[in-house]
Amino acid sequence: MSRSFIFTLSVIFSLYTLPMEKLFFVLAVLLVCSILMQESQFRVSLFPGTGIYLFFLISGMAIGLYNMSMKSCPPRYVLKDMVYVLFPFLFWLVGKNTAPLKAGGITDLFAAGTVVSCYDLVNSLLKIFQNGVSEITLYQYRRMIGAGHPLTVITLFLYIYMSQKIKIKKKSAYGCIVILLADLLIHFSRITLLNTCVFLLYSKILKNPVKFFSYGAGAAAGLAAAYGAFPDVFHSFMERLGNSLAEISHAHDPWNHIAIVTNWRGYEVYCELQKFRQAGMIEQIFGGGFGTQLDVQGKAYLVTTEPALPFLHNGYFSILMIWGICGCAAYILMLMALYLRNRMLAEGEREFWKALIMVIAVDTIFVHGLFFSTGVAGMFLYLGVLERG
(Lines give C-alpha, C1' and ligand atoms only; values in the text may rest on other atoms or scores of the structure.)
Protein backbone atom coordinates (compact mmCIF):
# COMPACT_ATOMS: atom_id res chain seq x y z
CA MET A 1 0.00 0.00 0.00
CA SER A 2 1.25 3.47 -0.86
CA ARG A 3 1.78 6.15 1.74
CA SER A 4 -0.86 8.39 0.15
CA PHE A 5 -3.46 5.59 0.32
CA ILE A 6 -2.78 5.05 4.02
CA PHE A 7 -3.28 8.77 4.66
CA THR A 8 -6.47 8.86 2.60
CA LEU A 9 -7.83 5.77 4.36
CA SER A 10 -6.99 7.32 7.74
CA VAL A 11 -8.83 10.53 6.80
CA ILE A 12 -11.96 8.78 5.51
CA PHE A 13 -12.07 6.25 8.37
CA SER A 14 -11.74 9.12 10.86
CA LEU A 15 -14.49 11.02 9.06
CA TYR A 16 -16.79 8.01 9.38
CA THR A 17 -16.07 7.00 12.96
CA LEU A 18 -14.93 9.98 15.05
CA PRO A 19 -17.00 12.67 16.81
CA MET A 20 -16.47 16.28 15.81
CA GLU A 21 -13.84 17.32 18.40
CA LYS A 22 -11.62 14.26 17.88
CA LEU A 23 -12.02 14.42 14.10
CA PHE A 24 -10.78 18.00 13.96
CA PHE A 25 -7.67 17.13 15.97
CA VAL A 26 -6.93 13.97 13.94
CA LEU A 27 -7.32 15.80 10.61
CA ALA A 28 -4.96 18.53 11.73
CA VAL A 29 -2.36 15.97 12.85
CA LEU A 30 -2.68 13.96 9.61
CA LEU A 31 -2.30 17.12 7.54
CA VAL A 32 0.89 18.12 9.35
CA CYS A 33 2.30 14.58 9.12
CA SER A 34 1.49 14.36 5.42
CA ILE A 35 3.26 17.63 4.68
CA LEU A 36 6.35 16.66 6.69
CA MET A 37 6.63 13.17 5.20
CA GLN A 38 6.16 14.35 1.62
CA GLU A 39 8.82 17.02 2.02
CA SER A 40 6.97 18.98 -0.66
CA GLN A 41 5.60 22.48 -0.86
CA PHE A 42 2.49 23.06 1.20
CA ARG A 43 -0.44 23.82 -1.12
CA VAL A 44 -2.31 26.70 0.48
CA SER A 45 -4.45 27.84 -2.45
CA LEU A 46 -7.89 28.79 -1.24
CA PHE A 47 -11.09 27.38 -2.61
CA PRO A 48 -13.42 29.51 -4.76
CA GLY A 49 -15.58 31.77 -2.64
CA THR A 50 -13.07 31.91 0.22
CA GLY A 51 -13.60 35.66 0.55
CA ILE A 52 -17.25 34.96 1.29
CA TYR A 53 -16.28 32.06 3.56
CA LEU A 54 -14.16 34.44 5.64
CA PHE A 55 -17.31 36.46 6.29
CA PHE A 56 -18.80 33.47 8.12
CA LEU A 57 -15.71 33.02 10.27
CA ILE A 58 -15.08 36.69 11.10
CA SER A 59 -18.66 37.87 11.63
CA GLY A 60 -19.68 34.73 13.51
CA MET A 61 -16.70 35.01 15.86
CA ALA A 62 -17.02 38.77 16.34
CA ILE A 63 -20.68 38.61 17.36
CA GLY A 64 -20.04 35.46 19.38
CA LEU A 65 -17.24 37.18 21.37
CA TYR A 66 -19.51 40.14 22.00
CA ASN A 67 -22.20 37.81 23.35
CA MET A 68 -19.55 36.13 25.53
CA SER A 69 -18.53 39.49 26.94
CA MET A 70 -22.16 40.16 27.80
CA LYS A 71 -22.28 36.69 29.43
CA SER A 72 -25.23 35.68 27.28
CA CYS A 73 -23.35 32.79 25.64
CA PRO A 74 -20.97 30.16 27.15
CA PRO A 75 -17.47 30.08 25.57
CA ARG A 76 -17.75 26.38 24.68
CA TYR A 77 -20.71 27.08 22.39
CA VAL A 78 -18.75 29.76 20.53
CA LEU A 79 -15.69 27.52 20.19
CA LYS A 80 -17.76 24.57 19.00
CA ASP A 81 -19.41 26.61 16.24
CA MET A 82 -16.03 27.94 15.12
CA VAL A 83 -14.63 24.40 14.86
CA TYR A 84 -17.61 23.26 12.80
CA VAL A 85 -17.25 26.16 10.37
CA LEU A 86 -13.51 25.48 10.00
CA PHE A 87 -14.11 21.89 8.83
CA PRO A 88 -14.67 22.65 5.10
CA PHE A 89 -11.37 24.55 4.90
CA LEU A 90 -9.51 21.83 6.81
CA PHE A 91 -10.86 19.12 4.50
CA TRP A 92 -9.91 21.26 1.50
CA LEU A 93 -6.31 21.54 2.75
CA VAL A 94 -6.17 17.79 3.42
CA GLY A 95 -7.38 17.10 -0.12
CA LYS A 96 -4.79 19.45 -1.55
CA ASN A 97 -1.90 17.95 0.38
CA THR A 98 -2.38 14.22 1.01
CA ALA A 99 -1.11 12.87 -2.32
CA PRO A 100 1.40 14.08 -4.94
CA LEU A 101 -0.77 13.48 -8.01
CA LYS A 102 -4.45 14.07 -8.71
CA ALA A 103 -4.90 10.77 -10.59
CA GLY A 104 -3.38 8.84 -7.71
CA GLY A 105 -5.53 10.80 -5.28
CA ILE A 106 -8.74 9.80 -7.09
CA THR A 107 -7.75 6.12 -7.01
CA ASP A 108 -6.92 6.40 -3.31
CA LEU A 109 -10.29 8.03 -2.60
CA PHE A 110 -12.15 5.23 -4.36
CA ALA A 111 -10.19 2.44 -2.71
CA ALA A 112 -10.34 4.00 0.77
CA GLY A 113 -14.04 4.77 0.44
CA THR A 114 -14.74 1.17 -0.54
CA VAL A 115 -12.74 -0.20 2.39
CA VAL A 116 -14.60 1.98 4.90
CA SER A 117 -17.96 1.13 3.31
CA CYS A 118 -17.08 -2.56 3.56
CA TYR A 119 -16.27 -2.06 7.23
CA ASP A 120 -19.62 -0.36 7.75
CA LEU A 121 -21.47 -3.09 5.83
CA VAL A 122 -19.91 -5.91 7.85
CA ASN A 123 -20.51 -4.05 11.11
CA SER A 124 -24.16 -3.45 10.17
CA LEU A 125 -24.72 -7.08 9.21
CA LEU A 126 -23.26 -8.29 12.50
CA LYS A 127 -25.65 -6.06 14.45
CA ILE A 128 -28.58 -7.27 12.34
CA PHE A 129 -27.69 -10.94 12.92
CA GLN A 130 -27.31 -10.32 16.65
CA ASN A 131 -30.57 -8.41 17.14
CA GLY A 132 -32.85 -9.47 14.28
CA VAL A 133 -35.07 -7.18 12.20
CA SER A 134 -38.53 -8.72 12.39
CA GLU A 135 -41.38 -6.37 13.26
CA ILE A 136 -39.26 -3.28 13.86
CA THR A 137 -39.74 0.22 12.50
CA LEU A 138 -37.27 2.19 10.41
CA TYR A 139 -36.49 4.34 13.45
CA GLN A 140 -35.58 1.28 15.56
CA TYR A 141 -33.59 -0.19 12.69
CA ARG A 142 -31.71 3.09 12.21
CA ARG A 143 -30.84 3.27 15.90
CA MET A 144 -29.35 -0.21 15.61
CA ILE A 145 -27.09 0.25 12.55
CA GLY A 146 -27.00 4.01 11.96
CA ALA A 147 -27.99 6.09 8.96
CA GLY A 148 -24.97 5.37 6.79
CA HIS A 149 -22.63 8.04 5.45
CA PRO A 150 -22.49 10.28 2.35
CA LEU A 151 -19.03 8.95 1.47
CA THR A 152 -20.53 5.66 0.23
CA VAL A 153 -22.66 7.21 -2.50
CA ILE A 154 -19.83 9.64 -3.33
CA THR A 155 -17.40 6.73 -3.72
CA LEU A 156 -19.82 4.89 -5.99
CA PHE A 157 -20.30 7.85 -8.31
CA LEU A 158 -16.60 8.68 -8.19
CA TYR A 159 -16.11 5.45 -10.14
CA ILE A 160 -19.09 6.06 -12.43
CA TYR A 161 -17.82 9.52 -13.37
CA MET A 162 -14.09 8.77 -13.53
CA SER A 163 -13.61 5.04 -14.07
CA GLN A 164 -10.83 5.70 -16.61
CA LYS A 165 -8.77 7.55 -14.00
CA ILE A 166 -9.14 4.92 -11.28
CA LYS A 167 -6.28 2.44 -11.55
CA ILE A 168 -7.98 -0.76 -10.48
CA LYS A 169 -8.75 -4.03 -12.29
CA LYS A 170 -12.28 -4.33 -13.69
CA LYS A 171 -13.13 -7.50 -11.74
CA SER A 172 -12.02 -5.80 -8.53
CA ALA A 173 -14.00 -2.69 -9.49
CA TYR A 174 -17.19 -4.75 -9.93
CA GLY A 175 -16.67 -6.26 -6.49
CA CYS A 176 -16.24 -2.76 -5.05
CA ILE A 177 -19.47 -1.60 -6.70
CA VAL A 178 -21.38 -4.54 -5.18
CA ILE A 179 -20.06 -3.61 -1.72
CA LEU A 180 -20.96 0.06 -2.18
CA LEU A 181 -24.47 -0.72 -3.44
CA ALA A 182 -25.09 -3.15 -0.58
CA ASP A 183 -23.94 -0.57 1.97
CA LEU A 184 -26.17 2.07 0.40
CA LEU A 185 -29.27 -0.13 0.38
CA ILE A 186 -28.89 -1.64 3.84
CA HIS A 187 -29.35 1.73 5.58
CA PHE A 188 -32.64 2.71 3.89
CA SER A 189 -31.65 6.39 3.85
CA ARG A 190 -33.81 9.01 2.17
CA ILE A 191 -30.96 11.52 1.91
CA THR A 192 -28.85 8.88 0.16
CA LEU A 193 -31.67 8.37 -2.34
CA LEU A 194 -31.88 12.13 -2.89
CA ASN A 195 -28.10 12.44 -3.35
CA THR A 196 -28.17 9.55 -5.82
CA CYS A 197 -30.75 11.42 -7.91
CA VAL A 198 -28.53 14.53 -7.95
CA PHE A 199 -25.49 12.53 -9.07
CA LEU A 200 -27.55 10.81 -11.77
CA LEU A 201 -28.65 14.17 -13.19
CA TYR A 202 -25.02 15.16 -13.80
CA SER A 203 -23.84 11.76 -15.01
CA LYS A 204 -23.94 10.35 -18.53
CA ILE A 205 -25.86 7.28 -17.43
CA LEU A 206 -29.18 8.81 -18.40
CA LYS A 207 -27.84 9.40 -21.93
CA ASN A 208 -26.40 5.90 -22.28
CA PRO A 209 -29.19 3.25 -22.59
CA VAL A 210 -26.80 0.34 -21.97
CA LYS A 211 -25.36 1.80 -18.78
CA PHE A 212 -28.76 3.03 -17.64
CA PHE A 213 -30.24 -0.45 -18.05
CA SER A 214 -27.31 -2.22 -16.37
CA TYR A 215 -27.16 0.11 -13.36
CA GLY A 216 -30.96 0.20 -13.18
CA ALA A 217 -31.15 -3.58 -13.20
CA GLY A 218 -28.52 -3.75 -10.46
CA ALA A 219 -30.42 -1.23 -8.34
CA ALA A 220 -33.72 -3.07 -8.89
CA ALA A 221 -32.11 -6.37 -7.87
CA GLY A 222 -30.71 -4.70 -4.78
CA LEU A 223 -34.10 -3.27 -3.82
CA ALA A 224 -35.73 -6.66 -4.30
CA ALA A 225 -33.08 -8.24 -2.07
CA ALA A 226 -33.56 -5.51 0.54
CA TYR A 227 -37.33 -6.10 0.52
CA GLY A 228 -36.86 -9.85 0.83
CA ALA A 229 -34.40 -9.53 3.72
CA PHE A 230 -36.06 -6.66 5.62
CA PRO A 231 -39.77 -6.51 4.67
CA ASP A 232 -40.92 -4.64 7.80
CA VAL A 233 -38.16 -2.05 7.55
CA PHE A 234 -38.80 -1.68 3.82
CA HIS A 235 -42.49 -0.92 4.38
CA SER A 236 -41.60 1.56 7.14
CA PHE A 237 -39.10 3.23 4.82
CA MET A 238 -41.69 3.60 2.06
CA GLU A 239 -44.11 5.20 4.53
CA ARG A 240 -41.42 7.66 5.65
CA LEU A 241 -40.55 8.36 2.03
CA GLY A 242 -44.16 9.19 1.22
CA ASN A 243 -44.34 11.46 4.28
CA SER A 244 -41.10 13.33 3.52
CA LEU A 245 -42.67 16.61 2.37
CA ALA A 246 -45.02 16.70 5.35
CA GLU A 247 -42.07 16.23 7.74
CA ILE A 248 -40.33 19.41 6.59
CA SER A 249 -43.46 21.56 6.59
CA HIS A 250 -43.59 24.19 9.33
CA ALA A 251 -47.24 25.09 8.64
CA HIS A 252 -48.84 23.02 11.40
CA ASP A 253 -51.42 24.05 13.95
CA PRO A 254 -51.59 23.16 16.74
CA TRP A 255 -48.09 21.91 17.63
CA ASN A 256 -49.03 19.17 20.09
CA HIS A 257 -46.57 16.51 21.26
CA ILE A 258 -47.49 14.00 18.54
CA ALA A 259 -47.15 16.61 15.79
CA ILE A 260 -43.75 17.68 17.11
CA VAL A 261 -42.39 14.12 17.31
CA THR A 262 -43.60 13.14 13.84
CA ASN A 263 -42.72 16.47 12.21
CA TRP A 264 -39.57 17.49 14.08
CA ARG A 265 -37.82 19.16 11.15
CA GLY A 266 -40.83 21.34 10.50
CA TYR A 267 -41.10 22.19 14.20
CA GLU A 268 -37.47 23.36 14.27
CA VAL A 269 -38.15 25.70 11.35
CA TYR A 270 -41.33 26.95 13.02
CA CYS A 271 -39.42 27.83 16.22
CA GLU A 272 -36.65 29.58 14.29
CA LEU A 273 -39.14 31.66 12.30
CA GLN A 274 -40.82 32.67 15.55
CA LYS A 275 -37.46 33.70 16.98
CA PHE A 276 -36.52 35.57 13.79
CA ARG A 277 -39.75 37.59 13.80
CA GLN A 278 -39.19 38.61 17.42
CA ALA A 279 -35.50 39.59 16.90
CA GLY A 280 -34.31 43.15 16.29
CA MET A 281 -33.43 44.37 12.83
CA ILE A 282 -29.64 44.07 13.39
CA GLU A 283 -29.95 40.44 14.48
CA GLN A 284 -32.27 39.69 11.57
CA ILE A 285 -29.66 41.04 9.13
CA PHE A 286 -26.45 39.72 10.74
CA GLY A 287 -27.66 36.93 13.03
CA GLY A 288 -26.81 36.03 16.58
CA GLY A 289 -23.19 34.90 15.93
CA PHE A 290 -21.34 31.81 17.09
CA GLY A 291 -22.85 30.14 20.11
CA THR A 292 -26.44 31.07 19.30
CA GLN A 293 -28.92 28.45 20.48
CA LEU A 294 -32.53 27.87 19.47
CA ASP A 295 -35.09 27.48 22.23
CA VAL A 296 -37.66 24.95 21.02
CA GLN A 297 -40.08 25.59 23.88
CA GLY A 298 -38.73 22.87 26.16
CA LYS A 299 -38.70 20.11 23.54
CA ALA A 300 -34.94 19.95 22.95
CA TYR A 301 -34.74 16.83 25.14
CA LEU A 302 -36.26 14.86 22.25
CA VAL A 303 -33.02 15.10 20.26
CA THR A 304 -30.25 16.33 22.59
CA THR A 305 -29.15 16.51 26.21
CA GLU A 306 -28.62 20.28 25.84
CA PRO A 307 -31.37 22.71 26.89
CA ALA A 308 -31.55 24.24 23.40
CA LEU A 309 -30.50 23.41 19.83
CA PRO A 310 -27.09 24.58 18.51
CA PHE A 311 -28.31 24.10 14.92
CA LEU A 312 -31.26 22.76 12.95
CA HIS A 313 -31.67 19.93 10.48
CA ASN A 314 -32.34 22.62 7.88
CA GLY A 315 -28.94 24.23 7.41
CA TYR A 316 -30.34 27.35 5.76
CA PHE A 317 -32.31 28.17 8.89
CA SER A 318 -29.23 27.46 11.02
CA ILE A 319 -27.42 30.03 8.90
CA LEU A 320 -30.34 32.44 9.35
CA MET A 321 -30.07 31.96 13.12
CA ILE A 322 -26.29 32.54 13.30
CA TRP A 323 -25.57 34.89 10.36
CA GLY A 324 -28.98 36.33 9.51
CA ILE A 325 -30.24 37.30 6.09
CA CYS A 326 -26.71 38.32 5.02
CA GLY A 327 -25.48 34.84 5.87
CA CYS A 328 -28.11 33.11 3.74
CA ALA A 329 -27.25 35.34 0.77
CA ALA A 330 -23.51 34.81 1.32
CA TYR A 331 -23.93 31.02 1.51
CA ILE A 332 -25.75 30.90 -1.81
CA LEU A 333 -23.14 33.15 -3.44
CA MET A 334 -20.32 30.96 -2.11
CA LEU A 335 -21.93 27.82 -3.54
CA MET A 336 -22.39 29.60 -6.87
CA ALA A 337 -18.70 30.58 -6.90
CA LEU A 338 -17.76 26.96 -6.19
CA TYR A 339 -20.14 25.62 -8.82
CA LEU A 340 -18.68 27.81 -11.55
CA ARG A 341 -15.05 26.95 -10.69
CA ASN A 342 -14.57 23.87 -12.86
CA ARG A 343 -13.25 25.12 -16.19
CA MET A 344 -9.76 23.69 -15.69
CA LEU A 345 -11.03 20.20 -14.89
CA ALA A 346 -11.13 17.32 -17.35
CA GLU A 347 -14.31 15.64 -18.56
CA GLY A 348 -15.86 13.58 -15.81
CA GLU A 349 -14.11 15.62 -13.15
CA ARG A 350 -16.12 18.69 -14.15
CA GLU A 351 -19.45 16.89 -13.86
CA PHE A 352 -18.46 15.29 -10.56
CA TRP A 353 -17.46 18.72 -9.18
CA LYS A 354 -20.82 20.24 -10.16
CA ALA A 355 -22.73 17.29 -8.71
CA LEU A 356 -20.89 17.60 -5.38
CA ILE A 357 -21.78 21.30 -5.09
CA MET A 358 -25.42 20.55 -5.85
CA VAL A 359 -25.41 17.74 -3.27
CA ILE A 360 -24.08 20.24 -0.70
CA ALA A 361 -26.82 22.72 -1.63
CA VAL A 362 -29.55 20.06 -1.37
CA ASP A 363 -28.21 18.44 1.80
CA THR A 364 -28.23 21.82 3.52
CA ILE A 365 -32.04 21.61 3.45
CA PHE A 366 -32.19 18.26 5.23
CA VAL A 367 -28.98 17.36 7.15
CA HIS A 368 -27.52 20.49 8.77
CA GLY A 369 -25.44 21.47 5.72
CA LEU A 370 -21.85 22.42 5.06
CA PHE A 371 -21.14 24.21 8.33
CA PHE A 372 -22.76 21.82 10.80
CA SER A 373 -22.30 18.35 9.32
CA THR A 374 -18.86 16.78 9.07
CA GLY A 375 -20.27 14.40 6.45
CA VAL A 376 -21.20 17.30 4.16
CA ALA A 377 -18.03 19.26 4.99
CA GLY A 378 -16.06 16.12 4.06
CA MET A 379 -17.06 16.65 0.43
CA PHE A 380 -14.41 19.39 0.36
CA LEU A 381 -11.84 16.59 0.63
CA TYR A 382 -12.91 15.44 -2.84
CA LEU A 383 -12.99 19.01 -4.18
CA GLY A 384 -9.45 19.54 -2.89
CA VAL A 385 -8.18 16.43 -4.67
CA LEU A 386 -9.86 17.48 -7.92
CA GLU A 387 -8.44 21.00 -7.69
CA ARG A 388 -4.93 19.70 -7.12
CA GLY A 389 -2.86 19.82 -10.30
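How many nonpolar, polar and charged residues does the lining of the second largest pocket have, by class? The structure is a predicted model, so a few ground rules come first: local features need pLDDT of at least 70 and side-chain atom pairs count only at pLDDT 80 or more, while totals for chains, interfaces and linings use all residues. Residues are numbered from 1 along each chain as its sequence is written, and side-chain values use heavy atoms, with hydrogens and water left out.

Back to the pocket. On a 1 Å grid over the protein atoms alone, a pocket is an open set of points with protein on both sides within 12 Å along at least five of seven lines, and a lining residue has an atom within 4 Å of a point. The second largest pocket has a volume of about 640 Å³ (the space filled by probe spheres set on the points, which are joined across faces, edges and corners). Of its 25 lining residues, L185, L193, T196, A219 and L223 are the closest to the centre. Two or more residues each come from α7 (150-162), α8 (170-186), α9 (190-202), α10 (209-229) and α11 (231-242); helices here are DSSP runs of H or I with at least four residues, numbered from the N terminus. The biggest giver is α10, with seven residues. As for the opening question, the lining has 20 nonpolar, five polar and no charged residues (Ala, Val, Leu, Ile, Met, Phe, Trp, Tyr, Cys and Pro count as nonpolar, Asp, Glu, Lys and Arg as charged, and the others, Gly among them, as polar).

Next comes a helix pair. Helix α14 (residues 264-278) packs against helix α16 (residues 315-340) at an angle of about 15°, with the axes 10 Å apart; axes are lines fitted to C-alpha atoms over the stretch in contact, and angles run from 0 to 180 degrees between N-to-C directions. The two are therefore roughly parallel (under 35 degrees). Contact, meaning heavy atoms within 4.5 Å, is made by V269, E272, L273, K275 and F276 of α14 and by F317, L320, M321 and I325 of α16. By class, that contact has seven nonpolar, no polar and two charged residues.

Elements giving two or more residues are α14, α15 (281-286) and α16, with the largest share, three residues, coming from α14. This lining divides into four nonpolar, three polar and three charged residues.

Technical notes: Angles under 35 degrees count as roughly parallel, over 145 as roughly antiparallel, 65 to 115 as roughly perpendicular and the rest as oblique. On a 1 Å grid over the protein atoms alone, a cavity is a set of points where a 1.4 Å probe fits but cannot get out, and a pocket is an open set with protein on both sides within 12 Å along at least five of seven lines; lining residues have an atom within 4 Å of a point.
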